[in-house]
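Thanks for coming, everyone. I have one structure to walk through today. Let me put it on the screen.

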Amino acid sequence: MTPLAMHVLWIIFLFALGACVGSFLNVIIHRLPKGQSIVFPGSHCPECGRPIRWHDNIPLVSYVVLRGRCRACGTHIPPRYPLIEAATAALLAGLYVCYFVIDIRGGAGAFTESWGVYIAHAALLCGLLACAAVDVEYWLVPVEVCWVVAGIGLITSAAFPHEWMPTVSPPAAAAALAGTVGLGIAMLLQRFALLRPSFIDADDTTPGDDESGRHATATTAASGINPRKEVLIELLFLSPAIVLAIAGWLVTSRIESVSDAWTRLVWPAAGGAAAQHINGFLSSLVGLLVAGAWIWGTRILGTLGFGKEAMGLGDVHIMASVGAVAGWIVPSIAFFVAPFFGLIWALYLFVRRRQRELPYGPWLAAATVAVLLFYDAFQELIMEPLRTAGF
Ligand SMILES: [Zn+2]
């Protein structure tokens, strides 16, 4: 088979697969925010409640065949269902084309060798799409989706080491590992009610209507909650992680015997094949923590500075999942690119004289996609000047 025919077959397969994944994303988007199970009951018409038979539930195709109506009661199916399916199909097929046909990013390698990285990036794009869709409608982020994507990122980075994942230095790897232990300790303390969750935690777990949720600055102000005090509780939550991360860094960089052993374990050049897998996993972990830290740090500083809640913990989850999949550099660039996307939207609103506010999650998602695809250009634009400046 010619390489071109091979590409065409993969593109058709991934498009069809994407439509099915999109169908599942629809379930996530419409059930998770309402706290419903994503497994039971099976697909049914929200209007008449009758189950949708398998042959009426074929992604994209059924919408066309049924002319956008429920077969039982004739109610219009909202066009966003086939839109999400088409978008996911385009994402999965498009990602293949970008990485393996037109080589938009250097060093992708052949699909037969780099499919691990493709799976991770495809899962990330699907997760970002679901998060953005829910965020736009409900002003909250389905953090379960971010956890699943982060898990996929950690596993694929360990199993399929790829040159796109930045190699992390032994002390940075130790800091990430120790910091994760610190986060675990804080979560346990919270589980056993030794540490009170901040106001956002409470908001994020309950599905809110339009104006409640993580952006509810007005309501929290009215209910007498002091945002500055709440964010200090979050700082307390993070303190075991920060202390342990610093300790991990110092121990593996200052104590020579520890440093030698640790380097052999995690540094590919010193430790060989196993170290490559371990470094891949820790690179993913560093990415998760660094990406989360950008947003959480901004949130803490912003809230302390302005006395108003800045950024949501949902955004922290979104970026953490990006870091787990792509390593620390992609989310670090996306963090600075996202405000420009938001600014373009604000300008559009200004020109059209419209009032339609959007949450921040979709801008983080859009910026991430841009940086993932045009990584080399961003790298040159941002990282090179930083490097020459001595960072
Ligand atoms: Zn119906």
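Look at the start of α9. There, a side-chain oxygen of Asn226 comes to within 3.0 Å of the backbone nitrogen of Arg228. Keep in mind that this is a predicted model.

Now follow α9 along. The helix covers residues 227-254, which is 28 residues. Yet α9 has a kink of about 40° at Leu238.

Which residues of α9 are buried? Leu238 and Pro240 are both among them. Remember the general rule: residues three or four places apart on an α-helix point the same way, because a turn takes 3.6 residues.

Next, the metal. What holds the zinc ion? Its protein donors are the SG atoms of Cys45, Cys48, Cys70 and Cys73. They lie 2.3 to 2.4 Å from the zinc ion. The site is tetrahedral, with angles of 104 to 118° among the four donor atoms. Along the chain, the donors follow the spacing C-x2-C-x21-C-x2-C.

Take Cys45 and Cys73. They sit 28 residues apart and link distant parts of the chain. Cys45 is in the loop between α1 and α2, while Cys73 is in the loop between α2 and α3.

Are these two buried or exposed? Cys45 is buried, at 6% relative accessible area. Cys73 is partly exposed, at 33%.

Key: Residues numbered from 1 in each chain as written. Predicted model: local features only at pLDDT ≥ 70, side-chain atom pairs only at ≥ 80, totals over all residues. Heavy atoms only, no water. Donors = N, O, S within 2.8 Å, 3.2 Å for Na, K, Ca; no water. Tetrahedral: all angles 85-135°; square planar, octahedral: opposite > 155°, others 65-115°. Helix = DSSP H or I, 4+ residues; strand = E, 2+ residues; numbered from the N terminus. Buried < 20%, exposed > 50% of the residue type's maximum accessible area, 1.4 Å probe, protein only. Expected span 1.5 Å × (residues − 1). Bend = angle between axes of the 7 residues up to and from the residue. Polar contact = N/O pair within 3.5 Å; in protein donor to acceptor, adjacent residues only side chain to side chain.
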